[in-house]
Amino acid sequence: MFLFAVDYFQAMGDVKAVVPAEEQSWKGKAMTRFGMRLVERLEGFGCETYSFSGTPADCANFGIYHLFDGGKPDLVISGINMGSNSGLSFTLSSGTVGAALEANIAGLPGVALSQVLPAQVFRQWVEDRAMQPDVRELLFERCRAMLNRVFAFLNDRTDFLSDPVTWNVNMPAEPSDDWRVVQTVLGHTFYTSCFVASEEGYYHNIDQPEVEERAGTDGMVLRAGHVSVTQLDIRTLGQGL
């Protein structure tokens, strides 16, 4: 999905990319405090690309402050994550969302993109880190159509590139025949235990809780086959009544 995203966003402007040097799922907006961070220039990705040995939020911070000769980018786009980042608990745990929130701290708008995969395709990806070419092309075709509408929706807003908020976008695995982009609110969907015992210890095995069945929530809209777009504004955190 990274190469697809680079290719897609090249048409929007000058793209520079920073990717974690290793798997960093479920890191939220964690920042690395100790140890030396290493950066490496990567070739063959269609734009100026670097790997950074840190979390997604580390990558965003590095890119914002170290790749633009004293300036800052206009927009930070994180993803495209393969899987859903909908519901309050999953959104707060998401490294994809965390990178966009790091942009907001820097005073920049962020877009966090997630594409849900069909169950069979997701299993193949987890096991083989690969997709069959015909499946991949269909996924890219659907994703491109959904992104076109998402950014048409965002660009229609006069505050899109001025307000330091995150737009959390979740795209369905199987869009409905009448699919559309819907602005949503975070559903109150919560997981329980994240760990399962084994002989060696405990391993990560997240449960799949029921989506909160409240109209207008990200999970319900996504389940109905529409694209969910949720505004996350860190400036509202801690506000009193």
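**View 1. Ala-57 in helix H2 of a predicted model.** Ala-57 lies in helix H2 (helices, H or I, of at least four residues, and strands, E, of at least two, are DSSP runs numbered from the N terminus). The model is predicted: local features need pLDDT of at least 70 and side-chain atom pairs count only at pLDDT 80 or more, whereas totals for chains, interfaces and linings use all residues. Residues are numbered from 1 along each chain as its sequence is written, and side-chain values use heavy atoms, with hydrogens and water left out. Ala-57 has a relative accessible area of 0% and is therefore buried (under 20%; exposed is over 50%, partly exposed in between; 1.4 Å probe, protein chains only).

**View 2. The surroundings of Ala-57.** Leaving aside neighbours within four places in sequence, Ala-57 is in contact (heavy atoms within 4.5 Å) with Lys-29, Ala-30, Met-31, Gly-98, Ala-99 and Glu-102. The C-alpha atoms of Ala-57 and Ala-30 are separated by 6.5 Å, although these residues stand 27 apart along the chain.

**View 3. The covering of helix H2.** Of the 11 residues of H2 (56-66), eight are buried, among them Cys-59, Phe-62 and Ile-64. The buried residues of H2 pack against strands E1 (16-20), E2 (39-42), E3 (48-52) and E4 (76-82), and against helix H4 (95-105).

**View 4. The crossing of H2 and H4.** The two axes (lines fitted to C-alpha atoms over the stretch in contact; angles run from 0 to 180 degrees between N-to-C directions) come within 7 Å and cross at roughly 30 degrees. Pro-56, Ala-57, Ala-60, Asn-61 and Ile-64 of H2 meet Gly-95, Gly-98, Ala-99, Glu-102 and Ala-103 of H4 in this contact.
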